[in-house]
Amino acid sequence: MSAYLFEQLAFVRGQTVKALQDVSEAQAAAVPAGFRNSVLWQAGHIYFVQERFAFSAQGREAEIPEGFAAWFAPGSSPATWADRPPALAELTEMLRDQTKRIVDTWDGRLHEGAPKPYTTSTGITLTATDAFLNFTLYHEGMHFQAIKMYKGLLAKA
């Protein structure tokens with residue numbers, strides 16, 4: 001089961017990284033009309049949440065750089081950013097590296113219980129590492145779709 005979950009994480013992340021490849025920094029920063037976030041926010045939010053679910057929620061040290069919570073936590077928005085977030089190229093590299101760190105940390109240990117159960121905004125209670133990581137597939141898929149939609153909207157603008 002662990003190999004399959006890790007394959008799924010790598011596949012989904014590969015699709016996200018691929019979707020970001022042809023986005024310019026200006027496009028990444030643009031917020032499409034009628035929306036509150038940008039492609040850059042979507043990418044940073046995917047990284048931030050995955051880091052929290054794969055590491056912080058498991059009692060492990062997460063690699064969340066200073067400023068990431070203000071830029072990319074749930075409920076945040078580029079409209080409230082007080083300083084400049086990382087460039088899309090930097091976020092893309094972080095996304096590429098994250099999956100390997102997850103596999104290196106959790107291979108053979110996916111069924112370990114989390115120090116504290118967590119109930120998502122969708123009402124699912126997560127209690128073990130594999131459940132947290134499985135949920136991130138759903139989460140990343142939602143934001144991957146937003147990236148694709150934003151790219152389409154920005155191309156028409």
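Colleague: Why is Ser77 called buried?

Modeller: Buried means under 20% relative accessible area, exposed over 50% and partly exposed in between, with a 1.4 Å probe and protein chains only. Ser77 has 4% relative accessibility, so Ser77 counts as buried. This is a predicted model: local features need pLDDT of at least 70, side-chain atom pairs count only at pLDDT 80 or more, and totals for chains, interfaces and linings use all residues. Side-chain values use heavy atoms, with hydrogens and water left out, and residues are numbered from 1 along each chain as its sequence is written.

Colleague: Where does Ser77 lie, and which residues does Ser77 touch?

Modeller: Ser77 sits in the loop between α4 and α5; helices are DSSP runs (H or I, at least four residues), numbered from the N terminus. Leaving out residues up to four places away in sequence, Ser77 touches Arg36, Asn37 and Trp41, where contact means heavy atoms within 4.5 Å. Asn37 is 40 residues apart from Ser77 along the chain, with 5.6 Å between their C-alpha atoms.

Colleague: Is Gln42 buried or exposed?

Modeller: Buried, because its relative accessible area is 3%. Gln42 belongs to helix α3.

Colleague: What joins the side chains of Gln42 and His143?

Modeller: A polar contact of 2.5 Å. That term requires a pair of N or O atoms within 3.5 Å; within protein, one must be able to donate a hydrogen and the other to accept it, and residues adjacent in sequence count only if both atoms are side-chain atoms. Beyond four places away in sequence, Gln42 also touches residues including Ala146, Ile147 and Tyr150.

Methods:
Helices (H or I, at least four residues) and strands (E, at least two) are DSSP runs, numbered from the N terminus.
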